Amino acid sequence: MFLLQVVVAVLLIAATIVVLVVQSQHNATAEARDRSLSVAVAFRDAPGTAAAMQSAHPTRVLQPSSEKMREDAHVGYVVAFDPKGIRWSHPDPSRIGGHVTGGFGPALTGKPFQETFDSALGRAVDTTVAVFDARGRVAGLISVGIYVKSVNEMVAHQLSHRGVTGPRTAR
C-alpha cells in the first residue's frame, strides 16, 4: 500500500512539473509577442520614422535609430524595410539592401502581423507593422524580433535583483 502511495505521489509531482513547464513556455511566448509588438509600434510612431522612410537616403537615419532601439529594448532585431521588402536597416549592416525573409504581406493592410518560429537561436517571435505616410500609403515597415529565451533570461535577471532566487535559463 505504501508503494502505491509513493507511485501516485511521484506521478502527481511529474504531472505538475510538466504542466508548469508548458505553462511557462506559453507565458514566455506571449510575453515575447507583447514586447515585440510594443517595440515595433514605438519605433513606428517615433518622430521622424515616416519622414526617414520617404527621404532620399532612408538607411542614414533608420540604421542608427533601429540599432539604438534594438539595444535599448533588448530585442533580437529591429529591421526597417520598404513595401517591397528591401531592407533599410539590419543588425548586420551587410544585409542592408537585401530582401527580408519571411512574410509581411498582412502588415501592409495596417494590422500588425505576428509569427512565431524556430530559429537557429531558438524559438522566436516576429512582429511587423506598417508605417503610413500623411496620405495613408505604406511608407515602409518595421519588423521586431525577440527570442523567447531572452524573455526568460530577463525575467530571471529581474527576479534575482529583487532577492528572489531560482533557476536561471542558460544562454
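## A buried ring

Phenylalanine 104 counts as buried, at 11% relative accessibility. Buried here means under 20% relative accessible area, exposed over 50%, and partly exposed in between, with a 1.4 Å probe and protein chains only. Phenylalanine 81 is buried too, with a relative accessible area of 2%.

## Basis of the model

This is a predicted model: local features need pLDDT of at least 70, side-chain atom pairs count only at pLDDT 80 or more, and totals for chains, interfaces and linings use all residues. Residues are numbered from 1 along each chain as its sequence is written, and side-chain values use heavy atoms, with hydrogens and water left out.

## Aromatic pair

Rings of Phe, Tyr and Trp (its six-membered ring) pair if their centres lie within 6.5 Å; planes under 30 degrees apart are stacked, over 60 edge-to-face, the rest tilted. The count by this rule is 1 aromatic pair. Phenylalanine 81 and phenylalanine 104 form an edge-to-face pair, 5.1 Å centre to centre with 70° between the planes. Phenylalanine 81 lies in strand β1 (residues 77–81) and phenylalanine 104 in the loop between β1 and β2 (113–119), so the pair ties together parts 23 residues apart in sequence.

Strands are DSSP runs of E, at least two residues, numbered from the N terminus. Two strands pair if DSSP finds at least two bridges between them. β2 and β3 run antiparallel, joined by 7 bridges. Aspartate 118 has arginine 123 in β3 as its bridge partner.

β3 and strand β4 (residues 138–147) also run antiparallel, with 9 bridges. Valine 125 has isoleucine 146 in β4 as its bridge partner. The hairpin of β3 and β4 has 5 residues between the strands, and glycine 136 there takes a positive phi near 85°. In strand β3 (residues 122–132), 8 of the 11 residues are buried, so β3 is largely enclosed by the rest of the structure.

Key:
Helix = DSSP H or I, 4+ residues; strand = E, 2+ residues; numbered from the N terminus.
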